[in-house]
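Take a look at the model first, and then we can walk through it together.

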Amino acid sequence: MQKKTRKQYSTEFKARVVREMLKEEKTVGQLAAEYGVHSNMLYRWKDQALAGLPSLFNDQAAQELARKKPSGSRNETHYMLRLAA
């Protein structure tokens, strides 16, 4: 009998899925089916991302990078900040 290994997802993949969740254009069930990930895992990734948001603004290097790199959607950023508050 073979031992089951857990599937590991890259940070880029997790970020892409969480961004999709925050857009609220599809249900979590639809995203779970589309990406082949259980909906509970998607909620966990979202909670993890939102919990880490405040630390992004405390790190000086991250702030400099944000100034240099154009952001995606201003509405998306505003929405994420509002959820983190």
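## The second largest pocket

The second largest pocket has a volume of about 200 Å³. On a 1 Å grid over the protein atoms alone, a pocket is an open set of points where a 1.4 Å probe fits, with protein on both sides within 12 Å along at least five of seven lines. Its lining residues, which have an atom within 4 Å of a point, are Arg6, Lys7, Tyr9, Val37, His38, Met41 and Arg44. By class, this lining has three nonpolar, one polar and three charged residues.

## About the model

This is a predicted model, in which local features need pLDDT of at least 70 and side-chain atom pairs pLDDT 80 or more, while totals for chains, interfaces and linings use all residues. Residues are numbered from 1 along each chain as its sequence is written, and side-chain values use heavy atoms, without hydrogens and water.

## Helix H3

Helix H3 (a DSSP run of H or I, at least four residues) covers residues 39-58. Its 20 residues reach 30 Å from first C-alpha to last, close to the 28 Å expected at 1.5 Å a residue. H3 bends by about 30° at Gly52, and Pro54 follows within four residues; the bend is the angle between axes fitted to the seven residues ending there and the seven starting there.

Leu42, Trp45, Leu50 and Leu53 of H3 are buried, meaning under 20% relative accessible area with a 1.4 Å probe and protein chains only.

Glu20 lies in helix H1 and counts as buried at 18% relative accessibility. Beyond its neighbours within four places in sequence, Glu20 is in contact (heavy atoms within 4.5 Å) with Leu31 and Tyr35.

Glu24 sits in the loop between helix H1 (11-23) and helix H2 (28-35). Glu24 is exposed (over 50%) at 54% relative accessible area, and its phi is near 60°, a positive value in a residue other than glycine.

Notes:
Points joined across faces, edges and corners; volume = space filled by probe spheres on them. Nonpolar A, V, L, I, M, F, W, Y, C, P; charged D, E, K, R; others polar. Helix = DSSP H or I, 4+ residues; strand = E, 2+ residues; numbered from the N terminus. Expected span 1.5 Å × (residues − 1).
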